[in-house]
Amino acid sequence: MDLTDLYRDIVETSPDGIWVIDLEGRTLYANPEIARIHRIPVSELGTLSVFDTLDEQGREQFAAHLEDLRRHGTLNETDVEVHWVRADGEGTWTLCKETALRDSQGRIAGLLHRHSPYEDRRTLIESLRAHEEALADEISQKQLLQAVASTANEATTLVDVLRHARSLILLHDDWERARAFVPEGPDSTTMVPFYAWESDRDEDQGDPRVAAELLLAQRCADSGGIVWDERRLTMAFPILLDDDVYAVIVITSAPPLFRFELIESMARQVAQQLARVAERERAQAQLAQARDEAMEASRLKSEFLATMSHEIRTPLNGVIGLNDLLLRTDLDEEQTRLVTGLLVSGRALLGIINDVLDFSKIEAGRLELESIPFEVAPLLTEVVAVQAEGARDKGVGVTVTCADGLPDALTGDPTKVAQVVTNLVANAVKFTTAGSVSVEVGGEPASEETWLLRVVVRDSGVGVSKAKVSRLFEPFVQADSSTTRLYGGTGLGLAISRELASAMGGDITYDPNPGGGSVFTFTAVLDRAALEEVVPLMTHLDHQSLSPPPGSAPDKGVVLVVEDNPVNQLVASGMLTALGYGVVTAEDGHAGVAAAAQGAFAAILMDVQMPGLDGYAATRAIRAAESGSRTPIIAMTAAAVDGVRERCLDAGMDDFLTKPVDVDRLSTTLERWCTDASDGASSLVRLDLERLEELRALDGGTGETSYVARAIGNLLRKAPVDLETMAEAAAAGDSEQLGATSHRLAGAALNLGANHGGEAARQLEDAVRSGVPLSDLSDRLDEVRDLLTADLRALADFRDTLVASAP
């Protein structure tokens with residue numbers, strides 16, 4: 001076969017279109033496949049131009065290619081996808097490979113285009129590309145959802161998560177704008193813009209898109225589902241909380257936008273994540289509301305307790321006070337027995353009131369513990385001795401044993417320790433009709449600096465049934481419903497005692513006594529203390545002396561009693577007369593102010609709650625009218641709740657007595673404020689000598705080794721250091737240090753009868769605790785220094801006298 005014929009047959013029968021064109025795109029040669037592709041007769045191939053086979057965009061691109069080729073000789077080095085428009089207008093795709101045809105001088109004279117079928121391949125490639133893009137988009141959407149979910153888990157409020165979600169959505173390639181809308185009010189279905197960023201609010205001023213977005217958000221809220229705008233470029237989706245629309249998110253895409261089902265699925269999942277945050281936020285809001293309601297209920301309960309305390313204590317003050325005065329008169333044996341019974345009952349009622357108030361303070365989280373050194377064995381021995389008096393009348397023996405190794409002194413709140421042990425021993429005595437009660441005091445080191453105090457109270461009484469043990473420490477609960485009828489009580493003692501023990505780092509537990517009865521174990525973690533740091537405490541727990549007061553002293557002066565209750569006037573007048581004071585009474589605040597303006601009184605006893613003009617207002621009026629010396633004003637109130645003392649001091653009062661007022665406390669308080677140390681008498685007159693004598697009586701010592709001498713020496717050494725520390729703390733603005741040091745100094749001074757300086761330090765502490773700026777306390781700090789310095793000189797004199805009197 002002729003080679004030329006062979007080549008012709010190959011070209012003519014080739015499945016690819018062979019098309020030779022000049023540099024203007026005109027046909028020089030085309031095989032039959034070109035005619036088939038273009039759907040024209042072979043006879044028309046000679047008039048066919050490449051431009052006849054292209055759409056408008058293709059013609060522009062091919063013309064530019066020919067121009068570039070003529071100027072620069074640039075060929076398409078890779079195959080080109082060609083969208084071929086056939087003679088009947090139908091399109092198809094071919095893959096064109098371009099080859100240059102050159103003349104004898106090497107110049108490009110024409111082009112050979114080889115067109116291969118590409119429709120199926122291109123469809124497959126586009127499908128793969130679409131799947132690839134969809135997969136990439138799905139990955140991107142999942143990454144977005146994961147980021148939103150992570151943000152939602154960390155966010156606490158919807159504002160937080162909207163800020164992060166907005167940023168995350170806008171980082172996605174499809175989205176260029178995001179806004180949020182929320183209901184106008186709690187019960188409203190009208191949507192309004194919600195701006196997590198103030199910059200968005202500024203950006204939206206005058207933007208016409210805001211109105212359209214608001215309308216779309218409202219449609220979304222009304223329907224409760226996803227809605228699109230007409231262009232399908234802006235979508236609104238709701239955040240649903242239960243069946244309510246909590247918020248609506250509106251996001252806008254830059255065109256074009258595809259895969260709407262995937263986008264809507266993404267939106268629903270984002271909405272679910274945001275709904276979880278909204279649910280947490282709502283739960284937190286409900287918890288906050290419940291907390292506020294509980295706090296309000298607690299406040300109302302405190303107000304109720306304050307009112308009840310006042311209403312009960314006012315007549316109780318008369319009952320106990322008049323009984324006390326009656327016992328000081330000449331009575332026969334039967335009368336004394338009956339009046340004593342009345343007094344015991346009155347004090348029992350007072351104990352119930354105190355239990356209720358203590359429990360209220362614990363519930364409200366206002367329990368405060370002191371931290372002062374005290375001797376363990378003497379304190380607990382005295383507590384047990386007080387309860388032993390009542391036990392002896394029942395024929396019940398009470399013993400106390402202190403283990404070897406028990407520290408001599410610990411630091412903590414001796415009053416609260418005594419209160420817990422008193423309750424446990426009193427219960428043991430109450431529920432034991434025959435047999436004995438034993439108290440074992442011991443413990444072990446809790447650390448190098450602390451001691452685990454353990455007090456075991458064992459009785460042979462009625463015990464507690466197994467069914468009742470689980471509720472034994474619940475408030476208002478006793479082991480048996482008949483207990484209250486038989487033994488009395490509120491059922492608060494053990495509940496309060498366990499709370500006190502817990503506050504001191506310990507607990508109270510119950511075990512049955514193998515021999516019958518109960519075993520209660522009280523523990524507390526207390527700091528160790530050195531014996532020389534201890535200022536002995538006089539507890540006088542529930543057994544204040546009923547001995548007649550000293551004879552009258554006409555030079556003590558006259559006391560004004562401002563009191564609206566006639567019975568309480570009678571009680572106060574009787575006590576003051578017995579203490580040697582003259583008495584003038586005023587029936588209300590107005591009368592008290594008028595009386596204070598007309599006479600010179602050694603002191604004024606001021607009731608707080610009075611009709612018309614109460615004690616606070618009356619005190620302020622008296623202070624405003626004073627021009628000379630300051631008359632001590634001492635509050636008398638039945639409202640034994642937190643805050644009353646501070647209100648009294650803020651009103652201008654000097655001290656505070658809680659009703660029922662007993663003679664001993666009234667005497668001590670008046671002696672504190674009515675003693676004038678500048679009248680030329682001995683410096684000892686400024687001290688509470690009765691208190692110092694009580695301290696001396698603890699060990700009967702008279703020399704340097706006595707408790708009181710050692711305690712005074714300790715205060716004389718440490719007080720100047722404390723005063724310097726207080727001054728430095730005030731200068732440095734350290735309110736915590738100033739308050740703590742003032743508290744320590746006040747306790748030590750008052751325990752040793754240095755009432756002037758001790759009371760001034762206590763008032764300074766109260767001012768610091770109430771938030772008075774330290775810059776306003778310089779005068780009070782100077783007052784503490786001056787008064788305490790004088791007290792220290794007097795204490796030094798007392799100690800010298802004590803040491804000199806030693807045999």
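The model is predicted, so local features need pLDDT of at least 70 and side-chain atom pairs count only at pLDDT 80 or more, while totals for chains, interfaces and linings use all residues. Residues are numbered from 1 along each chain as its sequence is written, and side-chain values use heavy atoms, leaving out hydrogens and water. Helices (H or I, at least four residues) and strands (E, at least two) are DSSP runs, numbered from the N terminus.

**Nonpolar cores**

- A nonpolar core is a set of buried Ala, Val, Leu, Ile, Met, Phe, Trp, Tyr and Cys residues joined through side-chain atoms within 4.5 Å; buried means under 20% relative accessible area, exposed over 50% and partly exposed in between, with a 1.4 Å probe and protein chains only.
- The largest such core holds 41 residues, and Val417, Leu453, Val455 and Phe522 have the most contacts inside it.
- Helix α11 (414-430) is among the elements that supply at least two residues each, and α11 gives the largest share, 8 residues.
- Beyond its neighbours within four places in sequence, Val455 has contacts (heavy atoms within 4.5 Å) with residues including Leu380, Val421, Val439 and Phe520.
- A second, separate core of 33 residues includes Leu692 and Val768.

**The open sheet**

- Five strands run in the order β2-β1-β5-β4-β3 with antiparallel pairing, where two strands pair if DSSP finds at least two bridges between them.
- β2 (27-30) and β3 (80-85) are at the edges with a single partner strand each, so one side of each has no neighbour in the sheet.
- β3 pairs with β4 (residues 91-102) over 6 bridges, and Val80 stands opposite Cys96 in β4.

**Helix α17**

- In α17 (residues 615-625), the buried residues are Gly615, Tyr616, Ala618, Thr619, Ile622 and Arg623.
- They lie on the same side of α17 because they cover an arc of only 165 degrees around the axis, taken from the directions from the helix axis to the C-beta atoms.
- Exposed Ala624 and Ala625 sit on the face turned away from that buried side.

**Glu264 in helix α8**

- Glu264 belongs to α8 (residues 260-327) and is buried, at 18% relative accessible area.
- The side chains of Glu264 and Trp228 are joined by a polar contact of 2.7 Å; the term means a pair of N or O atoms within 3.5 Å, and within protein one must be able to donate a hydrogen and the other to accept it, with residues adjacent in sequence counting only if both atoms are side-chain atoms.
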